[in-house]
Amino acid sequence: PLFRSRKLLRFGFVRELRFSQKFSGIVLSPTGTSTLSPLDRDIVSSFGVAVVDCSWAQIDSTPFHKMKIKNARLLPFLVAANPVKYGTPCTLSCVEAFAAALIITGFQDPAHELLGKFKWGHSFTKLNEKILDLYSKCSSSEDVISVQKKYLEDA
């Protein structure tokens, strides 16, 4: 993950934030109380989106309680396409999480530009194309959850 973060920093896609730093944008976090939806587009457009860069093995020891945020969101069901977690549900890399958030909130072009910096990037949208399209057409967080539930039942 550190390598990917450095690559994102180098290409100017992200900037580093401290846990104690206030952030008004959307933060993709397991502490979120609602699911990301297209309704979050204005927040993403005005303030951006952030992810916590840590290994899934360290998730329990990550100090989420120190974050000064007001817009924590959960991502809905998606499947990882990165080489480490390929095919694993709900264990996205930071790059995949960023791209998913951008696609769901209607920023497809920046998402594809971001994913294009990684050899496996196109695999993420290919693997999740149908469900990302469904999520991006939802009208609320509750709608995203309903679509997710139906998608998983039909799978």
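1. The model is a predicted one. Within it, A80 touches K85, Y86, G87, T88, T91, L92, E96 and L127, once residues up to four places away in sequence are set aside. A80 sits in the loop that joins β6 to α3. With a relative accessibility of 0%, A80 counts as buried, because the cut-off for that class is under 20%.

2. The overall layout is as follows. The protein has six helices and six strands. Read from the N terminus, the order of elements is α-β-β-β-α-β-β-β-α-α-α-α. Of its 155 residues, 44% count as buried. Among contacts with a separation of 6 or more, 68% are between residues 24 or more positions apart.

3. The loop between β6 (72-74) and α3 also holds C90. The phi of C90 is positive, near 60°, and the residue is not glycine. As background, most residues other than glycine have a negative phi. The relative accessibility of C90 is 44%, so this residue counts as partly exposed.

4. How many of the residues of α3 are buried? Eleven of the eleven are, so the helix is largely enclosed by the rest of the structure. The buried set is C94, V95, E96, A97, F98, A99, A100, A101, L102, I103 and I104. After α3 comes G106, which has a positive phi near 95°.

5. A packed pair of helices is described by the angle between the axes and the distance between them. For α3 and α4 the angle is about 160° and the axes are 7 Å apart. The two helices are therefore roughly antiparallel, since the angle is over 145 degrees. Their crossing is left-handed. On the α3 side the contact is made by V95, F98, A99, L102 and I103, and on the α4 side by Q108, P110, A111, L114 and L115.

6. L102 has a relative accessible area of 14% and is buried. Leaving aside neighbours within four places in sequence, L102 is in contact with V44, F107, Q108, P110 and A111. Its C-alpha atom is separated by 9.7 Å from that of S45, a residue 57 positions away along the chain.

7. Which residues touch the most other members of the largest nonpolar core? They are L28, L78, F124, L132 and Y135, in a core of 32 residues. At least two core residues come from each of β2 (26-28), α3 (94-104), α4 (108-115) and α5 (121-136). The largest share, nine residues, is supplied by α3.

8. F124 shows what such a core position contacts. Apart from neighbours within four places in sequence, F124 is in contact with L78, V79, A81, L92, E96, A99, A100, L115 and L132. Two of these partners, L78 and L132, are also listed with F124 among the core residues that touch the most other members.

9. D40 is a charged residue to check. D40 lies in the loop between β3 (34-35) and α2 (41-47). Its relative accessibility is 5%, so D40 counts as buried. Not counting residues up to four places away in sequence, D40 touches I26, T35, R73 and T105.

10. The last point concerns the cysteines. A disulfide is a covalent bond between the sulfur atoms of two cysteines. How many disulfides does a search of the whole structure find? The search finds zero. C94 is buried, with a relative accessible area of 13%. C138 is likewise buried, at 7% relative accessibility. C90, by contrast, counts as partly exposed at 44%.

Note on methods
Residues numbered from 1 in each chain as written. Predicted model: local features only at pLDDT ≥ 70, side-chain atom pairs only at ≥ 80, totals over all residues. Heavy atoms only, no water. Core = buried A, V, L, I, M, F, W, Y, C linked by side-chain atoms within 4.5 Å. Buried < 20%, exposed > 50% of the residue type's maximum accessible area, 1.4 Å probe, protein only. Helix = DSSP H or I, 4+ residues; strand = E, 2+ residues; numbered from the N terminus. Contact = heavy atoms within 4.5 Å. Disulfide = S-S within 2.5 Å. Axes fitted to C-alpha atoms, helices over the stretch in contact; angles between N-to-C directions. Parallel < 35°, antiparallel > 145°, perpendicular 65-115°, else oblique. Left-handed = near helix turned anticlockwise from the far one by under 90°.
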